[in-house]
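Please examine the sequence and the three-dimensional structure shown below. The paragraphs that follow lead through selected features of the fold.

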Amino acid sequence: MKTKLFLLSVMCGLITIFFSFFLSCKKSDKEEPTINRVSIFDNPLDTRITTVESPSGTSMVLHGEKDEEGNPTSINKMEITDEVGETSVMLLNEEGKPAVFYAPNGVKFMLDWLTDGSAAITVIDPTEEWSIHTIVNPQASNNTLASIGDKSSNHRDRQLNTIKFEDLPNHLLSYQLNAQTGTLDESCTLFITRCNMPNDNSLGTGTIGVRMYDYMSDKFIANLTPKFLGNGIYLVTVPASNQPHSSPFLPIVINVVNQYFGKFCAATDMLTGYGVIEGSAICTAISGAIMLSTALFGTPVAAGFYAACEAFMMTTAIACGLHQIVVSDLLSGLADFIDYSYDSYKLVPYQLGMPYDRIGTPIVAAPGDLSSKSMSLDLGGTTRIDDFHLSPSAPGAGVAYQAIADISCIKPGSSVTMSIIGTDGYANTQTSNFPDGVFSQRCTLQVPGAYTGVLDECTITVHSPDGENVTRYASLIFGA
């Protein structure tokens, strides 16, 4: 009898545990978020315009320019996170089309728009050593790359040119302090250096910023843009705590979002084949370029390029889907204005990069003591080829182009070699010493045109006296 009572007691306990677990699971399901969350950032100092989070876990942050009242005037950057938490970054041109894409695996796309529906795309691996170039034109009868020319082509009329040097472009104008900033906002200085020298060279829009966090909770408050003052010094202004809302005119926000997303989604739909990964225009073109160049850089790099293409497809689809949610909630008045409330805060300067940003020296401050503090961000001290591209990126038959490289942290006594090898038999290798006393230079090599289908492989190598050489590769096809 005791045994039966014991077994009955155990069974009742198990049933109780089962139903408790079942009910807790059902309760958990009911507590999962089922609505979208849209927020508006009306402070003119915060680059964020709006954010949206969906119940599926996808999210998007829109950054851009604002007027003095906090109303957005343009969108220049999007941060998109997928359902598994991987974030991609898209920089936009003035028309709202993607100009640079940073994939979660560190691969970068550079897009040069030829028409509203076609673009030349350079794909760069995370080490920035390898890159491929292709044309995406869904309207063409054949979107694959042109057939490669052979050495029987006549290349004798392609002349040999030498390397030309020039200083890197500097900031065109220094930022003028705005009297309307008033006493509500506070500022401090940010020193940006490269090779232990003040950095006065132009920095890409959206690539340098300062993130502001609440010091106690580590909650993200704002994304700030440093303003160039000169000699490597930048001004960082933070929004005042508890600053009243400027109440931006919502139709202006909606108009800017619709304007930029209208062109963004139309352009990317054509590049991606309207969301179909297999057979999409961009992946077809990149696959063709990879097939031609895999022998140069190997399978791992190729696999990274394929993965980045799929990430581009996914990112654009998420962004255009979330756009509809943003506009719907703004029209319905469901968006929340974000309060800028804090006691003490932390500022973290950064340079955009994938998969990881370059982080500078942070500072902690409280209202009233920011002006006595400063931050620093070093962009690196080793010799670096910051950019290597071919322009125009899509030369027609017989059209000349330039191989252009921006180089920083040049060590005294260094030299540069630029080499062009064409499948038509053309070859030009030039080596020159850098001018004395420079630590950054732009190197340009003029390359003559060729027949349709000729492939040019371009290489640049910076030779340092200590033997630490840096090399980058690029390629293009004439008339592709």
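Cys409 counts as buried, because its relative accessibility is 4% (buried means under 20% relative accessible area, exposed over 50% and partly exposed in between, with a 1.4 Å probe and protein chains only). Cys409 forms a disulfide with Cys195, and the two sulfur atoms are 2.0 Å apart; a disulfide is here a pair of cysteine sulfur atoms within 2.5 Å. About the S-S bond the angle is -90 degrees, and the link of Cys195 and Cys409 is left-handed. Cys195 sits in the loop between strand 11 (186-194) and strand 12 (197-198), while Cys409 sits in the loop between strand 23 (401-408) and strand 24, so the bond ties together parts that are 214 residues apart in sequence. Helices (H or I, at least four residues) and strands (E, at least two) are DSSP runs, numbered from the N terminus.

The model is predicted: local features need pLDDT of at least 70, side-chain atom pairs count only at pLDDT 80 or more, and totals for chains, interfaces and linings use all residues. Residues are numbered from 1 along each chain as its sequence is written, and side-chain values use heavy atoms, with hydrogens and water left out.

How many disulfides does a search of the whole structure find? The search finds three. One of them joins Cys265 to Cys320, with an S to S distance of 2.2 Å. This link of Cys265 and Cys320 is left-handed, with -115 degrees about the S-S bond. It connects distant parts of the chain, since Cys265 belongs to helix 2 (residues 250-272) and Cys320 to helix 4 (residues 299-332), 55 residues apart. Cys265 has a relative accessible area of 13% and is therefore buried; Cys320, with 15%, is buried as well.

Another disulfide joins Cys283 to Cys309, with an S to S distance of 2.0 Å. The link of Cys283 and Cys309 is left-handed, at -115 degrees about the S-S bond. Cys283 lies in helix 3 (residues 281-297) and Cys309 in helix 4, so this pair ties together parts that are 26 residues apart in sequence. Cys283 counts as buried because its relative accessibility is 12%, and Cys309 is buried with a relative accessible area of 2%. When the bonded cysteines of the protein are numbered in sequence order, the pairing reads 1-6, 2-5, 3-4.

Cys458 counts as buried at 1% relative accessibility.

An open sheet of four strands has the order 25-24-27-28, and its pairing is antiparallel; two strands pair if DSSP finds at least two bridges between them. Strand 25 (427-433) and strand 28 (470-477) stand at the edges with a single partner strand each, so one side of each is left without a neighbour in the sheet. Neighbouring strands of this sheet are turned by 10 degrees against each other on average, direction ignored (axes are lines fitted to C-alpha atoms, for helices over the stretch in contact, and angles run from 0 to 180 degrees between N-to-C directions). Strand 24 (residues 415-422) pairs with strand 25 in the antiparallel sense over seven bridges. Within strand 25, Asn428 is the bridge partner of Ile420.

Another open sheet contains 10 strands in the order 9-8-7-6-5-4-3-2-1-17, with mixed pairing. Its edge strands are strand 9 (131-136) and strand 17 (336-337), each of which pairs on one side only. Strand 4 (residues 77-81) and strand 5 (residues 87-92) pair in the antiparallel sense over five bridges. Ser88 in strand 5 is the bridge partner of Ile80.

Taken as a whole, the protein has four helices and 28 strands. Of its 480 residues, 48% are buried. Among contacts between residues at least 6 apart in sequence, 64% join residues at least 24 apart, where contact means heavy atoms within 4.5 Å. The accessible surface of the protein comes to about 23300 Å², of which 55% belongs to carbon and sulfur atoms; accessible areas come from the Shrake-Rupley method with a 1.4 Å probe, and for residues only the protein chains shown count as cover.
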